[in-house]
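Subject: Structure for you to look at

Hello,

Here is the structure I said I would pass on. Please open it beside this email; my notes follow below.

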Amino acid sequence: MPIVTEQLSYVYSPKSPFAKQALNGVTLTVADGDFLGVIGHTGSGKSTLAGHFNALIRVQSGRVEVDGIDLRPKKLDFKLLRSTVGMVFQYPEYQLFDESVERDVGFGPRNLKIPPDEIAERVRESLEMVGLDYEGVRRRSPFELSGGQKRRVALAGVLAMRPKILVLDEPTAGLDPRGKAEILELIRRVKKYMCPTVIMISHNMDEIAANCNKIAVMSGGSLVCVLPPEELFTRGDLLKEHGIEMPAVTRIANALADRGLDIPRSLVREDDLVAAIVAAKRGAIKAATPAKPERAQKAENNIPHTDAVKDAAKKGGDECVTFR
Amino acid sequence: MGFIKFENVSYAYNSGAAETPAVVDFSFEVNEGEFVALVGHNGSGKSTVAKLVNGLLLPDEGAVYVDGMSTAERSNLFEIRKRVGVVFQNPDNQMIATIIEDDVAFGPENLGLPPAEISARVGWALECVGMGEHRKGTPFRLSGGQKQRVAIAGVLAIKPRVLVLDESTSMLDPVGRAEVLRVVGSLRKNENMTVIMITHFMEEALLADRIAVLNGGRLVMDGGREIFKRAEELESIGLSAPLVKRVAMKLRKAGVLDDDDILDADALAGALCR
């Protein structure tokens, strides 16, 4: 299990008039291969929780274990920990500092006293992973790159530590639509080829819903629940109580379902929504012709949402081709 | 002539030997009472335009006029900045005082207004943004959305005729963003404020009456919501159409929708459930 927290609590400025309870008994397990989304309002404890994962914030009460390392003792193998957990902060491009891209990305491995050949290899690998041309950018100053490129270089600097777990705090904030799409694509690639476990904090529900397999909802320092997106966003009670926005895709799915279109309300991905609408429209045309007995129709409606979506996606996809 | 007028404006940032053109031959007018969204990818020149409007930057070529006054004349700047207020991206960079009412009073104090008038304006400005009860509080304990609302109040206290929001919601969470957009809506309704909103959230741009699109420092589209018909062109310059429009386009391709000229969920439902 890469990350386990048990009854984790944290107070900022304890025993002072400004004491603030930031975490309150958080018990959470992140499994190997998870893409965990963390959501919650500003001040709900998301970043405090994430800060514990590489011991930037030390355990006050409760327990944290990361990839088998107990983070409670005062003395820790920080080198090991920080090459296990890669942390990408908000606006990471503000942390670039060195004279060349190559030196900036190699900063972490240099501190690990890794031989120069291997550092060069890691720098190349990380820059290629984030979609930058190694030879083209290695000698350039990071400060003359565009905003999107800077963010990639900053991410490459984290990847050069070859972490097993990647933690990202609002990775797409401030980017334009294409920049957002590119960074998310890149994160999916990193997850596939490099860090199997990814934790992403975000305010963008569509981003979270479309990428994560589990979503942790934080509120007032407590962990409210951990649910798959398809389930969380159909839980009207939870959304209302904690002021969670629905993904835009889910909102549209609900608006259409309200008007009687036969599509699941749990859709969270744009393509699934399109496929479900196509399937529903086709279904409606078929239903209008009396060929299908009512019972079969009913049974079809009872298929769990995820399967229904896959099915719809398949149908929709095939028929799209014939239509062109 | 429009209240704000850009006439063939070019501007380049000088970083050492390399000149980076930010705005190229840009002509653009905004009339009083308009609500214009200015959209474009990162680096398209949007923020440069915001800084050119009130003379924080001066054009290399061409001219910028506010209410008939050129920003190139130093003596005009005081009058120009009374007419155009800009709210920037990062709420933390815009707070200058330790008490909210002092922060909001900074502008009117510099106008040399009598204390009673300053006090009245501060009260009015804070009410406009729904922060009246925080008047005596400190900005450091506010949420991002609250800070941005105080920043807007600070600009309103000068009683500008144009409010420029330079990605003022981009660092906020959804709640903060909604707060700021609500304030913009009420300023439009109650004060008939002219608003120029710079953003790359297409859903925000949909709130405006007019949408201007920048690419590579040039104005490439300028019009009403109909510009979203050119969805493919928008995508080619790093932007996107609003989600509903994207879905409608895909549905049309799949042959289940005749007309993809749809921008909100209700209209989509209407078209599909006919």
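One term first: two residues are taken to be in contact if their C-beta atoms, placed from the backbone, lie within 7 Å. With that in mind, helix 5 of chain B, residues 144–156, lies across strand 6 and strand 7 of chain B. Its direction is at about 165° to that of strand 6 of chain B. Please note that this is a predicted model.

The sheet in chain B

Chain B has an open sheet of 6 strands, ordered 6-7-8-3-9-10, with mixed pairing. Strand 6 (84–87) and strand 10 (218–223) of chain B each have a single partner strand, so one side of each is left without a neighbour in the sheet. On average, neighbouring strands in this sheet are turned by 20° against each other, direction ignored.

Strand 8 of chain B (194–199) is mostly covered, with 6 of its 6 residues buried. Thr194(B), Ile196(B) and Ile198(B) point one way from this strand, while Val195(B), Met197(B) and Thr199(B) point the other way.

Which strands does strand 8 of chain B run parallel to? Strand 3 of chain B is joined to strand 8 of chain B by 5 bridges, and the two run parallel. In this pair Phe35(B) stands opposite Val195(B). Strand 7 of chain B is also parallel to strand 8 of chain B, again with 5 bridges, and here Val162(B) is opposite Thr194(B). From strand 7 of chain B the chain passes through helix 6 of chain B to strand 8 of chain B, a right-handed β-α-β crossover.

Further along the sheet, strand 9 (residues 210–215) and strand 10 of chain B pair in the antiparallel sense over 5 bridges. Val213(B) in this pair faces Met221(B).

Helix 1 of chain B (residues 46–53) lies across strands 3, 6, 7, 8 and 9 of chain B. It runs at about 150° to strand 7 of chain B.

Where the chains meet

In the contact between the chains, 30 residues of chain B touch 35 residues of chain A. Helix 6 (174–191), helix 9 (243–253) and helix 10 (265–272) of chain B each supply at least two residues of the side that touches chain A. Which element of chain B gives the most to that side? Helix 9 of chain B does, with 7 residues. By type, the residues on this side of chain B are 15 nonpolar, 10 polar and 5 charged.

The crossing is right-handed. Ala248(A), Val249(A) and Ile252(A) meet Leu243(B), Val244(B) and Val247(B) there.

Chain A has an open sheet of 4 strands in the order 2-1-4-5, with antiparallel pairing. Strand 2 (20–30) and strand 5 (69–70) of chain A are the edge strands, each pairing on one side only. Strand 1 of chain A (residues 3–12) is joined to strand 2 of chain A by 7 bridges. Leu8(A) in strand 1 stands opposite Val26(A) in strand 2 of chain A.

Regards

Definitions and conventions
Residues are numbered from 1 along each chain as its sequence is written. Chains are lettered from A and ligands numbered from 1 in the order in which they are written. This is a predicted model: local features need pLDDT of at least 70, side-chain atom pairs count only at pLDDT 80 or more; totals for chains, interfaces and linings use all residues. Two strands pair if DSSP finds at least two bridges between them. Axes are lines fitted to C-alpha atoms, for helices over the stretch in contact, and angles run from 0 to 180 degrees between N-to-C directions. Ala, Val, Leu, Ile, Met, Phe, Trp, Tyr, Cys and Pro count as nonpolar, Asp, Glu, Lys and Arg as charged, and the others, Gly among them, as polar. A residue is buried if 20 or more other C-beta atoms lie within 10 Å of its own, exposed if 12 or fewer, and partly exposed in between; C-beta atoms are placed from the backbone. A crossover is right-handed if, with the strands pointing away from the viewer, the path from the first strand over the helix to the second runs clockwise. A crossing is left-handed if the near helix is turned anticlockwise from the far one by less than a right angle, and right-handed if clockwise.
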